[in-house]
Amino acid sequence: MNSRHLHNIVLILIKIFLFQRVIDFGATRIIVPGNFPIGCIPVYVACFQTNDTAAYDEHHCLKDLNNFAEIHNQLLKASIKKLKKDYPKVVIVYGDYYNAY
C-alpha cells in the first residue's frame with residue numbers, strides 16, 4: 001500500500017465519520033484546514049535531518065515531507081469537491097495553510 005492509497009482511505013473515513021456527523025448535527029458552514037508544509041517545521045527538520053543536500057529545498061525545508069503534505073492537500077481538496085456535490089446546501093471551505101505559511 002503506497003502513501004497515496006493510504007491518504008484515500010483516510011479521506012474517505014474523514015468524509016464518512018467527521019463531515020457527515022457534523023452536517024447531521026446541523027452544520028451549514030465548515031472550514032476544512034489543509035496541512036502545513038511540514039518539511040519546514042523545525043521539529044521535523046531536526047528529527048529527519050540528513051547530510052544529503054538534495055533532500056532540502058531553497059528554504060532549507062525537507063522536500064519529501066513537503067511533497068507528502070502537498071499530496072495530502074490535493075486529495076483533501078478533491079474530497080471537499082465531492083462533499084460539496086453531496087451537500088449542496090452546506091458551505092464547505094478549504095483552509096490553505098500550506099501556501100499561507
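Begin by selecting V93, which has a relative accessible area of 40% and is therefore partly exposed. This model is predicted. V93 is placed in strand β2, which covers residues 91–95.

Turn now to the aromatic side chains. How many aromatic pairs are there? The count is two, where ring centres must lie within 6.5 Å to qualify.

For one of these pairs, select F36 and Y97. The ring centres are 5.0 Å apart and the planes meet at 5°, so this pair is stacked; the cut-off for stacking is under 30 degrees. Where do the two partners lie? F36 belongs to the loop between β1 (29–33) and α2 (42–47), whereas Y97 is in helix α4 (residues 97–100). The pair therefore ties together parts that are 61 residues apart in sequence. As for accessibility, F36 is partly exposed at 38% relative accessibility, and Y97 is also partly exposed, with a relative accessible area of 40%.

Then select Y44 and F48, which form a stacked aromatic pair with 6.3 Å from centre to centre and 10° between the planes. Are these residues buried, exposed or partly exposed? Y44 has a relative accessible area of 34% and counts as partly exposed. F48, with a relative accessible area of 48%, is likewise partly exposed, since the class of exposed residues begins over 50%.

Terms used. Residues are numbered from 1 along each chain as its sequence is written. This is a predicted model: local features need pLDDT of at least 70, side-chain atom pairs count only at pLDDT 80 or more; totals for chains, interfaces and linings use all residues. Side-chain values use heavy atoms; hydrogens and water are left out. Rings of Phe, Tyr and Trp (its six-membered ring) pair if their centres lie within 6.5 Å; planes under 30 degrees apart count as stacked, over 60 as edge-to-face and the rest as tilted. Helices (H or I, at least four residues) and strands (E, at least two) are DSSP runs, numbered from the N terminus. Buried means under 20% relative accessible area, exposed over 50%, partly exposed in between (1.4 Å probe, protein chains only).
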